[in-house]
Amino acid sequence: MPVPILLVTGFLGAGKTTVVNHLLAHAEGRRIAAVVNDFGAINIDAELIAGASDGVVSLSNGCICCSLEGDLLRTLATLLRREPRPEFIVIETSGIADPADIVRNLMDPLIWQEAPLETVLCVVDATTDAEKLNDALLRSQLRAADVVALSKMDLVDAAARAKLCDVIRAQRPAAVVVDALHGEVPAALLFPADVDRVPAPREVGPRRPAVDRFETLSWTSERPVSLPRLQQAIGRLAPKLARAKGLFETVEQPGRLTVFQLAGGRATLAPGGTLAAGVPRTRIVFIAELGVLSRAEIDGIMKACVEAG
């Protein structure tokens with residue numbers, strides 16, 4: 001029996017991980033395998049989703065998570081050999097990935113026979129200026145979508161939403177546009193009602209030349225950070241960042257991890273569980289346009305966050 005694939009795309013910080021989190025937490029009996037394709041040296045996305053740092057993680061509701069290491073097709077083949085076999089596969093792309101390239105890979109006849117691409121979901125931050133959707137990468141992400149989910153709807157008014165929807169529909173008239181507050185997207189739009197039905201293969205456009213646009217700089221520390229100092233440091237770095245995310249222990253709460261996310265200029269903190277043995281106490285990934293931020297600048301600013309021991 002074929003295993004349908006849901007491809008989740010969207011720009012850095014749009015809310016893809018929140019959507020995948022919601023799908024896994026509300027699987028409603030479906031055996032879902034989630035593949036996380038993180039952009040950066042530290043695979044923090046997998047930790048946010050699964051509560052584990054590597055490998056395949058089984059969840060209590062029958063779902064599993066795995067980090068994408070290397071070839072996508074090889075990862076899918078490994079998942080399809082698992083027992084019990086997943087019923088659905090969700091692939092979360094990197095925020096700077098052109099989904100057309102991934103769709104092209106998924107058209108591989110051997111993969112298509114066992115795991116056909118069912119739905120492409122593009123997550124769009126509702127606070128995005130409509131003009132920014134003219135960015136070539138965002139246009140490509142939108143034009144691949146069957147469903148467009150607007151995240152962070154609580155941060156915009158009806159007029160801003162309407163303007164954004166007009167631009168989205170102009171670029172992708174065939175897509176269904178839905179609100180996705182807290183990552184909730186109706187499962188009926190994402191998963192087929194008839195699991196035996198195999199969708200038709202997709203046409204993909206010509207391959208666009210790859211352009212290195214972003215770089216990732218990571219910072220780790222073996223000592224806990226001062227939360228007030230960290231907030232000051234992030235405030236200094238934020239104007240230059242496209243995205244940042246991390247896990248860290250604070251001086252104020254020893255032995256506990258805090259999850260940090262920065263997207264769209266907004267920073268959030270959330271509880272992150274207990275500190276595991278053998279891993280740095282602080283791990284933060286910074287994503288910026290090429291040449292905007294140097295490692296020396298990050299090191300200089302972030303070192304002030306570590307309490308003198």
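Student: How many helices and strands are there in the chain?

Tutor: The chain has 9 helices and 13 strands. Helices (H or I, at least four residues) and strands (E, at least two) are DSSP runs, numbered from the N terminus. This is a predicted model, where local features need pLDDT of at least 70, side-chain atom pairs count only at pLDDT 80 or more, and totals for chains, interfaces and linings use all residues. Residues are numbered from 1 along each chain as its sequence is written, and side-chain values use heavy atoms, with hydrogens and water left out.

Student: What percentage of the residues in the chain is buried?

Tutor: Buried means under 20% relative accessible area, exposed over 50%, and partly exposed in between (1.4 Å probe, protein chains only). Here, 49% of the 309 residues are buried.

Student: At what angle do the axes of H8 and H9 cross?

Tutor: Axes are lines fitted to C-alpha atoms, for helices over the stretch in contact, and angles run from 0 to 180 degrees between N-to-C directions. Helix H8 covers residues 227-237 and helix H9 covers residues 295-302. Their axes come within 9 Å and cross at roughly 150 degrees. That makes H8 roughly antiparallel to H9; the cut-off for this term is an angle over 145 degrees.

Student: Which residues in H8 meet H9?

Tutor: Contact means heavy atoms within 4.5 Å. From H8 come Leu-230, Ala-233, Arg-236 and Leu-237. They meet Ile-298, Ile-301 and Met-302 in H9. The residues of this contact divide into 6 nonpolar, no polar and 1 charged. Ala, Val, Leu, Ile, Met, Phe, Trp, Tyr, Cys and Pro count as nonpolar, Asp, Glu, Lys and Arg as charged, and the others, Gly among them, as polar.

Student: Is Gln-231 buried, partly exposed or exposed?

Tutor: Gln-231 lies in helix H8. Its relative accessible area is 47%, so Gln-231 is partly exposed.

Student: Where do I look for backbone exceptions?

Tutor: Most residues other than glycine have a negative phi, and most peptide bonds are trans. Glu-28 is not a glycine, yet has a positive phi of about 50 degrees. Glu-28 sits in the loop between helix H1 (16-25) and strand E2 (32-36). Its relative accessibility is 67%, so Glu-28 counts as exposed. Lys-152 also is not a glycine and has a positive phi, about 60 degrees. Find Lys-152 in the loop between strand E7 (147-151) and helix H7 (158-171).

Student: Which residues does a cis peptide bond join?

Tutor: The cis bond joins Glu-83 and Pro-84, with omega about -5 degrees. Pro-84 is in the loop between helix H3 (72-80) and strand E5 (88-92).

Terms used
Parallel < 35°, antiparallel > 145°, perpendicular 65-115°, else oblique.
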